[in-house]
Amino acid sequence: MCYQQELFAQKTPYLQWIKEQEQLNKPAVLGKQIQKLPFFSCMDKIPNSENIDADAVCIFVRSGGMLHDDAEYRLAEVFSDSKETVLAYADEDYRGTLMELYAIKEEEFEEDITAPYRLKNTAYYRGEPWLKPDFSPDTLESFFYIGSIFAIKGDTIQKTIETHGKALSLYELVYWIFMDTIAHHRNPFDKIVHVQEVLYTNDSLPRKDMLECSDKIQKIIENKQEISQRDTQEKVSVIIPSKDNMRVLCKCLETLIRNTQYKNYEIILVDNGSSEEQKAYISSTIEELCRMNAGHEITYLYEKMEFNFSRMCNIGAKAAKGAYLLFLNDDIEILDTNEGRKWLDYLLQHAKKRHVGAVGAKLYYPDKDKNGQYRMQHVGITNMGIGPAHKLGGMLDQGCLYHGHNTMNYNMIAVTAACMLIKRSTFDNAGGFDEEFAVAYNDVELCFRLHQAGLFQVQVNDAMLIHHESLSRGQDTSPEKQKRLQEEKQKLYNKYPSLKNKDPFYHCDLVQWKKDVMYNIGYLYNCDKKTNPQMLNQKDNKKLMLLNKLESADRFRNQLYAQKHKLIGKLYDKLTGYHLHQFHIDSIEQEENIITINGWYVQLNSDNANLLKKLWLIKQTAKGEARCVYEIDISPKLREDAAQLFAGSEYSRRTKNAALSGIQILFDKQDLARGRYRIGILTGKKQLVFLPDKKEVWI
């Protein structure tokens with residue numbers, strides 16, 4: 001039963017998170033008069049607008065869902081706590097069957113395991129949490145992201161009706177409140193408050209119309225924009241840093257000129273020291289492009305210097321004539337499609353707004369899958385617990401991912417300078433790129449600065465480009481580059497300590513402390529939490545003696561295989577049962593001072609449900625050195641992929657309950673003695689399996 005309970009728990013992280021939250025949250029004290037108003041769509045007219053009480057908190061609740069017991073209290077509490085608040089909204093989720101929400105057959109688990117998680121008096125469960133961003137005015141222009149439950153002060157509704165008329169839809173009511181907040185308040189997050197709690201459950205799963213009435217919203221937004229703003233053709237200065245990358249650069253220039261619908265732009269190429277051969281080729285290519293495309297301006301700035309992306313961008317900005325600056329990597333390719341050619345128009349629509357700082361595009365990896373779909377490299381940057389990260393990176397651009405993060409335009413804490421558009425005046429007022437950030441996080445640092453100045457960054461997913469990522473300087477995978485990356489990240493947070501582990505546009509209860517391209521609930525199982533390795537000492541003499549014995553046996557086994565006695569080695573494995581130990585270490589990662597070991601271990605012909613496992617770190621010592629061994633408990637982790645490896649094999653019927661065979665261990669390396677460590681897995685049957693020498697931990 002214990003195994004089944006843990007298996008169900010690991011398949012339903014959101015249900016475990018709900019259970020934890022319900023234990024933490026206590027009902028607030030109701031201190032405000034409440035007026036509850038139902039609605040069906042954000043395009044509905046304001047219900048009962050004639051009888052809105054100026055002193056009341058008006059709570060709008062979508063029909064077709066369940067308001068949680070303490071929802072009214074939670075929302076009213078926001079207005080009681082702050083006289084500044086004019087609007088508040090909360091998170092929500094959906095109800096459905098186990099199959100609909102978690103891809104689990106109801107009969108897979110016994111009734112007493114699943115029943116405690118059901119909604120009262122129903123056969124349904126909660127799932128698909130929609131954990132929303134904080135105040136996001138540009139996201140609101142894409143769709144009604146505040147969703148199914150929100151509250152507005154009665155006097156705010158009255159003032160908005162007086163200014164804009166009685167015929168307002170709910171969307172227009174919220175839109176005008178947002179716009180007024182941006183125009184008149186230095187810190188809009190005090191006026192528009194996001195209650196980071198799930199207070200409403202929808203009766204049905206997310207539908208396409210939950211990205212509510214986006215076509216109608218776009219018409220409303222277009223009608224509210226001034227025609228002169230849409231028609232202005234101000235000059236854009238496209239600044240491209242590059243060195244010794246003529247093949248990719250030429251493709252960038254050619255597709256930029258050929259496939260860009262917006263025509264009022266200049267190109268400034270900043271070269272920090274290409275070879276004479278490449279310099280000559282680039283110069284001749286520029287001459288040819290200008291000859292074939294009359295009216296195009298291309299400026300070539302050549303100066304030998306060490307690579308410093310920030311400095312190169314600043315040099316280009318100083319030479320720019322445009323009212324807008326577009327920073328573009330030399331490995332960007334413009335799509336030759338009707339929508340692809342509009343990329344710069346789409347970016348400009350947002351960059352022109354007074355409250356907007358930097359604007360970024362959706363970037364694709366160059367290769368399509370077998371169905372002709374691109375994988376995304378960038379749809380904005382989130383500032384997670386592990387640091388700034390590209391979201392949805394590597395995922396196919398198909399469907400609607402987490403409420404339109406791949407299809408709608410979203411406010412984000414940062415966008416990448418691989419393609420970043422910004423007003424010249426905004427860039428100059430901010431002081432340009434910080435040249436202390438030569439390679440990494442220069443774009444994030446600028447966006448942090450803009451955010452602290454009260455400006456909003458926008459990820460424009462209507463603008464789509466190909467990014468041949470980092471061809472000009474290689475991937476940051478070497479130890480030296482990883483070390484530099486960590487140093488620059490630390491420098492970033494030293495400069496912006498208030499933004500460490502904080503992003504107003506990425507919910508605090510989404511995944512924070514591990515790489516996750518999706519938007520998943522950040523519930524921590526025991527295997528996700530940092531552990532404390534225990535050093536074996538004289539009291540553990542029996543374990544150390546066992547280690548010596550098992551190491552001798554392992555050396556003998558290795559000698560058999562090393563001397564090409566494979567048949568004898570296999571016979572030895574059969575006699576000792578060594579072949580029944582199946583394992584794999586997927587990765588050993590170091591993030592600052594935290595080491596993470598990921599993998600799995602399955603014992604064939606056994607019931608793995610109650611198999612006790614410990615991981616040993618065994619220091620490789622020179623002759624005469626003291627032995628150093630650490631022991632770490634292995635907590636269960638769901639790895640159905642590992643269990644499936646043996647389905648259909650000769651061992652499948654006798655190998656049971658292997659779905660929780662995963663290994664995920666996090667520990668602080670500062671707590672361990674320095675050195676090179678071999679990894680071993682000790683089972684409850686006093687068997688120690690050594691991992692290959694190449695899978696070592698360096699501390």
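**Exercise 1.** Are helix 7 and helix 8 roughly parallel or roughly perpendicular to each other?

Solution. The model is predicted, with local features requiring pLDDT of at least 70, side-chain atom pairs pLDDT 80 or more, and totals for chains, interfaces and linings using all residues. Residues are numbered from 1 along each chain as its sequence is written, and side-chain values use heavy atoms, without hydrogens and water.

Step 1: the axes of helix 7 (residues 154-164) and helix 8 (residues 170-184) cross at roughly 95° and come within 10 Å.
Step 2: angles of 65 to 115 degrees count as roughly perpendicular, and the two helices are therefore roughly perpendicular.
Step 3: Thr156, Ile157, Thr160 and His164 of helix 7 meet Leu173, Trp176 and Ile177 of helix 8 (contact: heavy atoms within 4.5 Å).

**Exercise 2.** Describe how strand 22 and strand 23 are joined.

Solution. Step 1: strand 22 (residues 581-591) runs antiparallel to strand 23 (residues 594-603), and 10 bridges join them.
Step 1: the strands form a hairpin with 2 residues between them, and Glu592 in the turn has a positive phi of about 55°.

**Exercise 3.** Is Phe667 buried or exposed?

Solution. Step 1: Phe667 belongs to strand 26 (residues 662-668).
Step 1: its relative accessibility is 0%, so Phe667 counts as buried (under 20% relative accessible area, with a 1.4 Å probe and protein chains only).
Step 2: beyond its neighbours within four places in sequence, Phe667 has contacts that include Ile594, Ile597, Leu617 and Ile699.

Notes. Pairing = 2+ DSSP bridges. Helix = DSSP H or I, 4+ residues; strand = E, 2+ residues; numbered from the N terminus. Axes fitted to C-alpha atoms, helices over the stretch in contact; angles between N-to-C directions. Parallel < 35°, antiparallel > 145°, perpendicular 65-115°, else oblique. Buried < 20%, exposed > 50% of the residue type's maximum accessible area, 1.4 Å probe, protein only.
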